[in-house]
Structures are given as C-alpha cells and as structure tokens.
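Trainee: I am new to this structure. Could we go through it step by step?

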Amino acid sequence: MAKTATKKTARKATEAPATTVLSVENIETYYGPIQAVKGLSIEVKEGALVTLLGANGAGKSSTLKTISGILEPDKGRVLLKGQDITGFRPDRVAAQGIAHVPEGREVFPFLSVRENLLMGAYLRSNKDAVERDIEAVYDYFPILRERADQRAVLLSGGQQQMLAIGRALLSSPSIMLLDEPSLGLSPLLVQEIFAIITRLNRERGVTMLLVEQNASVALEHADYGYVLELGRIVMDGPCTELVKSKDVQEFYLGMGESSAETAESGREDKRWKRKKTWR
Ligand SMILES: Nc1ncnc2c1ncn2[C@@H]1O[C@H](COP(=O)(O)OP(=O)(O)OP(=O)(O)O)[C@@H](O)[C@H]1O
Ligand SMILES: [Mg+2]
C-alpha cells in the first residue's frame with residue numbers, strides 16, 4: 001500500500017502538466033443573420049485527441065472554421081498556446097501551426113500525390129526534414145507511396161482523405177483540426193483511417209481536434225469529448241464517461257429505450273424534451 005502511494009506521488013512530482021495548445025473562449029459566429037455558434041468554449045491539451053460530436057447542423061464545421069480563420073467570430077477568442085489569434089486570416093492561422101483538414105477533403109485534384117504533400121510543407125525551409133516527413137506519411141499510408149506520381153483526382157474517396165491528412169501533417173502543425181474524416185467511407189475504411197489517426201496521435205504526439213457525426217467511432221478513439229447541439233456545448237467529459245451517459249447512448253449511439261419511439265415521434269422533438277436533463 002505504502003509503496004504504491006510513494007510511487008504515485010513520485011510520478012506526480014515528475015510529470016509536467018500538459019500545456020494547453022488550443023483554447024476557444026465563448027465564441028459566437030454568424031452567417032449573416034444566422035447564428036451558427038452560440039457561446040462555445042473548448043480546450044485541447046498538448047498530445048490529446050479531443051472530439052467534438054454533434055448532429056447535422058449542430059455547428060461543428062462552423063466551430064472549426066472559426067478556429068482556422070475562415071469565419072470570424074462576433075464574440076469570444078481563439079488562443080493558440082496562449083497567443084490570441086482571433087480574426088487572423090486562414091493563411092496566418094496555418095502559419096501559426098493550425099492545420100485544418102476540411103469536410104470533403106479538398107485535395108488539389110490535378111496535382112500529384114507528392115505535389116499535394118509538398119503543398120502542405122510550403123512554409124518549411126528544411127527540405128531534409130520535409131522529405132523525412134513525406135516518408136513518414138508514406139509509412140502510415142503506404143497506398144500514397146504507391147500512387148505518389150498519380151494525380152489526386154484518380155484516388156478513391158478514402159485515399160483522398162488519407163492524402164488530406166498527410167498534407168496537413170506535412171505542415172508539422174501544433175494541432176490538427178479534422179472535419180468528419182469518416183464521411184462517405186465504408187465501415188472498414190473508417191476503422192482503418194481511425195486506427196491511423198490514433199497512431200499518429202499516440203506515436204507522433206500529434207494533437208488533434210476531431211469533429212464527427214459518427215459518435216461511436218469518435219468516442220472509441222478519442223480521449224475527451226464535447227457534445228454540441230444547436231451551437232452550444234451540452235455535455236463534455238472523458239470519452240470513457242461519455243459512452244456511459246444515457247443521453248449520449250440514446251441520441252448519438254442509437255441505443256436505449258426508445259429507438260422506435262424516436263423514429264416515430266421525430267428525433268428533434270425528443271432531443272428538446274430531454275435536453276433539459278443534459279449533464
Ligand atoms: N454558408 C452558410 N450560410 C448560412 N448558414 C450556414 C452556412 N453554413 C452553415 N450554416 C448554418 O449554420 C449551422 C451550423 O452548420 P455547420 O455546417 O457548422 O454544422 P455541422 O455541425 O458541421 O453539420 P454537418 O454534420 O451537417 O456537417 C446550420 O444551421 C447551418 O445551416
Ligand atoms: Mg460539418
């Protein structure tokens with residue numbers, strides 16, 4: 001007993017507290033008169049894999065776009081390693097160390113796989129380090145090595161997703177924002193991509209903020225999660241805790257008492273009734 005306690009104390013004393021890489025403080029973002037994000041705060045520590053879950057239209061992509069400078073918030077702040085980057089243009093945000101892999105991948109279709117990867121590294125001057133990182137990306141995604149000289153347009157959807165992730169890695173980012181990497185992929189490919197995302201996080205220490213509609217796969221792989229509904233965080237916690245939540249099980253994992261009832265009465269209505277009981 002005593003021995004264990006000493007060990008624990010010793011480990012605690014030597015462990016440096018994880019630095020906060022990204023803080024989003026109370027942001028509010030609009031598209032003209034439509035408010036997509038309604039006072040949202042999240043935090044991502046160095047080395048963490050954090051997920052932001054939510055249904056269609058919850059505001060997940062708008063949140064990522066606000067972080068990466070595509071949208072400017074009307075209120076609130078975005079801090080990268082303590083530096084206020086709110087309102088920076090996307091190229092400046094990228095140069096600061098945030099790599100955004102948008103929904104629907106958006107690779108350069110008529111550039112080769114290798115040229116796409118090099119585009120990710122356009123701000124880096126150490127060419128040897130870039131070549132090493134390209135090799136590392138090829139090790140994680142061997143199909144990209146095989147297709148290195150082919151134009152990206154010829155890749156399948158899953159392979160384009162791999163290329164988009166690889167290109168983001170080539171910027172050697174402080175944090176990667178991934179918007180629905182599972183979108184449109186077969187269940188097998190989703191598992192494959194998520195296994196690699198997890199390895200990149202664990203083996204290379206890539207800090208990630210992952211947006212997903214596919215709650216089960218996100219909760220299985222991430223450390224910490226936030227649940228977003230209609231522009232607001234309604235719940236957050238370690239993923240091991242979130243999967244035990246009745247609300248998460250019912251509304252995001254398709255489990256629980258009332259799947260049939262929900263289908264009949266409409267998910268929206270049910271969500272609002274139960275919303276008062278979140279947390
Ligand atoms: N370009 C736009 N113009 C106007 N409203 C928009 C625009 N893009 C998104 N919205 C609205 O903002 C809200 C949040 O949308 P957002 O795309 O952030 O949701 P999401 O959680 O990413 O959804 P999905 O899972 O479908 O990708 C929705 O009500 C949506 O209709
Ligand atoms: Mg989206």
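Trainee: In which sense do strand S4 and S5 pair?

Mentor: Keep in mind that this model is predicted. S4 covers residues 75-80, and two bridges link S4 to S5. Across from Gln 83 in S5 stands Leu 80. The sense of the S4 and S5 pairing is antiparallel.

Trainee: Which strands stand at the edges of the open sheet, each with a single partner strand?

Mentor: The open sheet has four strands, in the order S2-S1-S4-S5. Each edge strand has a single partner, so one side of each lacks a neighbour in the sheet. The edge strands are S2 and S5 (83-84).

Trainee: Which element gives the most to the shell around ligand 1?

Mentor: The shell around ligand 1 holds 13 residues, with Lys 60, Ser 61 and Ser 62 among the closest. Strand S2 (34-45) and helix H2 (60-67) each supply at least two residues. The top contributor gives three residues, and that is H2.

Trainee: How many residues of the shell around ligand 1 are polar?

Mentor: Four residues of the shell are nonpolar and two are charged. The polar residues number seven.

Trainee: How many of the five residues of strand S8 are buried?

Mentor: Look at both faces of S8. Met 208, Leu 210 and Glu 212 are buried on one side, and Leu 209 and Val 211 on the other. S8 is therefore largely enclosed by the rest of the structure, and the number of buried residues is five.

Trainee: Which residue in S8 is the bridge partner of Leu 177?

Mentor: Strand S7 (residues 175-179) runs parallel to S8, joined by four bridges. In S8, the partner of Leu 177 is Leu 209.

Note on methods: Residues numbered from 1 in each chain as written. Chains lettered and ligands numbered in written order. Predicted model: local features only at pLDDT ≥ 70, side-chain atom pairs only at ≥ 80, totals over all residues. Near = placed C-beta within 6 Å. Nonpolar A, V, L, I, M, F, W, Y, C, P; charged D, E, K, R; others polar. Pairing = 2+ DSSP bridges. Buried ≥ 20, exposed ≤ 12 C-beta atoms within 10 Å, placed from the backbone.
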